[in-house]
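Welcome! Please take a moment with the sequence and the 3D view below before reading on.

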Amino acid sequence: MSAALPVPVIQLLQVLTVALGAPGVTGVIARVEARLQGRRGPRVLQPYYDLAKLFRKEALAPEGASWFFLAAPLIAVAAYLTIPLLIPVLTTYGLPLGYMGDILGGGFLLSLASFVIATAALETRDPYAQLGSSRAKTFSAITEPVVLFVVFTVALLTGTDLPYALAATVRSSAGQVIRPGHLLAAAALFMVILHETGRIPVETHTGTNEFGMIEEARAFEHSGPYFALLKWGSELKQLILYTILANVFLAPWGLASTQQVGAVILAIAALLAKACAVGCAVAVIDNSFAKLRLFKITEYVSAAFLIAVLGVFTLYLGGG
Amino acid sequence: MDPVQAPGVYEGVANVIAAVMLLLEFGMLRQALARDQIRLYMAQSALLSVLAIVIAADRNLPDLYALAALSAGLKVVAVPLVMRRLLGRAVPDEEEPAGVAGSHTLSPASAVLASIVLAAIGFFCFGALGIRNPAAPTLALALAAAMVLVAFGLMIIRRDVASQAIGFFTLENAISLAALVVASGLPLILETAFLFDLLVAVVVFGMLIRAHHTKAESLSTADLTRLRG
C-alpha cells in the first residue's frame, strides 16, 4: 500500500464518496430506527433501489410549470456535489479546490439549493408544495443567525473561516476539544442539523401528514428522475452536514494525512462510520422525543441561538 | 486576526461546567412545571459539586472534597426534598400547583432573548474589569455573573412563588460558583457557613410559600400587585 494517489483523484474521490455513500447512510439510519421501534425495517441498500427505480420512471410536469421546474433538481444536486470539494471529507490537508470557498461559501451553496427547490415548488401551484416551501423559507430565516454565530465561533477559534483550519485546530490538543466555545458551537450546529435534515423535534421525515411537513412537502409534484434527484439531493445534504459536524467539529480524526492509497481508503471507511454514528444518535433522538408543534419551533431555534451566542461570549473574553 | 488561545484541560473542564450551569439556568426560565425546575436545580447543584471536585484535584485542596460532598447532600438531596414536600402540601392530589404553569410574563422566545441581553451585560461588565490573574479565571467569573443576572431575570419574569424560590436558590449556586473559582483556598468552615445561609433562605421561602398559599389559595403572585387597606 505504498502507491500514492494523485491529488485530483483524491479530490474526485471526496465527491464520489459523498455521492455514492449518502443513500447508504440513509439506509443505515432507517434500519437502526426500525430496530429501535421493534420493526425489522428495510434493507440497508433500499435507498439505492428506490433511486434506481425512480430513475427508470416517466417524468411529468404540472401544466403551466416553466423550464425552471425541471432544472431546479439538477441545480440543487450540482450545488450539493460542489460542497464536498470545500470541506475536509477525506484529507487533513487542503486540496487545490478546497480553498475555492470558506464555510460561508458552503453555506451559500446549501441555501442556493434550498432556494431553487422552494422556487420550483412554487411553480407547481400545488397548495401543499407551496406550503412546504413557504415554511422552509420562514424557518431557514430564523436558523440563519444560529449558523452565523457558529461561523463567528470558528473565526474566533482559528482566526480564519476555513473548515480545514478548524479541523486542524481541534486535532492540535485536548484543550481545544474541551473548551466551552468549541463544545457550544458544536451543540448549536447539531441542533441546526436536526432542523435542516427534517428530523424530530422539528419535522417527521416519515409518514404522510401534510400539515406537519416542511421540507418533505416541496417535492410533491416532481416525478421520475427529477424526484429521484430531489431525494438523492436530500440524502446528499444529510451526509454533507454530518461530515461537517464529524470531520470539522466533533471528531476530525481518521482523515488521511498523506496521499497513500491505504490512508485514503481508511479515511473513506472512517467517514462512513462516523456518519453512521451521528445517524444513530439522530435516530435515538427521533425515537425519544415528540414532534414540536409548528409554532413551537421558534423556541427550539431560540435555544440553539442561545447556545451559539454563549459560545461567542465565552470566546470574546478570551480563554473560552 | 489572532485565534483565541485555548486554556488548559482543567480550566477548560471548569469553564465547560460553568457554561452548562448557565445553560441550565436558562432551562429553568423555560420550564413550565415546578417539579422540572426542581430537577434542573438538582442537576445544577450536582454540577457545582463536580466542579468542586475538579478544582480540588487540580489545585490539590483536599478540603474541597468535603465541601463537594456537603454541598451535594444539601442541594441535590435535602433542598429539593423540602421544596417537593412544600409544593406537595400546597396542592394535595399530585396536581401541579396552580400558577406555576401559566406564570410567564413574556413568551419563551422573548424571555430567552431578554436573558441573553442580561447575560451579555454580566459578561461584558466582568470583561471590562480587566482581571488578568491566573488565580481568578475571567471566564468562569463572568459566567457566574451572567448566572446571577439570569437568576434575577427568572425571579422577575415568572410570577409564582415556587419559581422565585428556585431563582433565589440558583442565585446562591452562582455565588458559590464564583467563590469556588476565585477563592477555592477558603477555609472549609467559612464555605460551610455560606452553605448554611442557604438553609436560612429555604426556611424563609418555605414559610413564604405556605403563608402565601394559605392566604391566596394559589402560588401565583399576580394578586399581590393590588394594594389592600
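Here is a short briefing, grouped by topic.

This is a predicted model, in which local features need pLDDT of at least 70, side-chain atom pairs count only at pLDDT 80 or more, and totals for chains, interfaces and linings use all residues. Residues are numbered from 1 along each chain as its sequence is written, while chains are lettered from A and ligands numbered from 1 in the order in which they are written.

**Confidence**

- The model has an ipTM of 0.84 and a pTM of 0.90.
- For chain A the mean pLDDT is 89, and 97% of the residues score at least 70; pLDDT is the predictor's confidence in each residue, from 0 to 100.
- Within chain A, helix α2 (residues 46–56) has the highest mean, 95, and helix α7 (residues 174–178) the lowest, 84.
- Chain B has a mean pLDDT of 82, with 89% of its residues at 70 or more.

**Chain A as a whole**

- Chain A has eleven helices and zero strands; helices (H or I, at least four residues) and strands (E, at least two) are DSSP runs, numbered from the N terminus.
- Its radius of gyration is 19 Å, close to the 20 Å that the globule rule gives for 320 residues, so chain A is as compact as a globular protein of that length. The radius is taken over C-alpha atoms, and the rule is 2.2 Å times the number of residues to the power 0.38.
- The C-alpha trace of chain A spans about 55 × 50 × 45 Å along its principal axes.
- Of the 320 residues in chain A, 51% are buried. A residue is buried if 20 or more other C-beta atoms lie within 10 Å of its own, exposed if 12 or fewer, and partly exposed in between, with C-beta atoms placed from the backbone.
- Among contacts in chain A between residues at least 6 apart in sequence, 79% link residues at least 24 apart; two residues are in contact if their C-beta atoms, placed from the backbone, lie within 7 Å.

- Helix α4(A) (residues 103–123) has 21 residues, which at 1.5 Å a residue should span 30 Å; its end C-alpha atoms are 31 Å apart, which agrees. The expected span is 1.5 Å times one less than the number of residues.
- Buried residues in α4(A) include I103(A), G106(A), L110(A) and I117(A), and what covers the buried residues of this helix includes α3, α5, α6 and α9 of chain A.
- Helix α8(A) (residues 180–196) should span 24 Å, and its end C-alpha atoms are 24 Å apart, which agrees.
- Because 14 of the 17 residues of α8(A) are buried, this helix is largely enclosed by the rest of the structure.

**Loops and backbone angles**

- Most residues other than glycine have a negative phi.
- R125(A) is not a glycine, yet its phi is positive, near 60 degrees; it sits in the loop between α4 and α5 of chain A.
- With 13 C-beta neighbours inside 10 Å, R125(A) counts as partly exposed.
- N60(B), also not a glycine, has a positive phi of about 60 degrees and lies in the loop between α2 and α3 of chain B.
- N60(B) is exposed, with 8 other C-beta atoms within 10 Å.

**Where the chains meet**

- The contact takes 28 residues from chain A and 27 residues from chain B.
- On chain B, α1 (9–30), α4 (108–129) and α5 (138–157) each supply at least two residues of the side that touches chain A. The largest share, nine residues, comes from α1(B).
- That side of chain B divides into 21 nonpolar residues, five polar and one charged. Ala, Val, Leu, Ile, Met, Phe, Trp, Tyr, Cys and Pro count as nonpolar, Asp, Glu, Lys and Arg as charged, and the others, Gly among them, as polar.

**The nonpolar core**

- The largest nonpolar core has 166 residues, and those with the most contacts inside it are A188(A), A308(A), L22(B), A144(B) and M147(B). Such a core is a set of buried Ala, Val, Leu, Ile, Met, Phe, Trp, Tyr and Cys residues joined through C-beta atoms within 7 Å.
- Helix α9 (residues 224–250) of chain A gives the largest share of this core, 16 residues.
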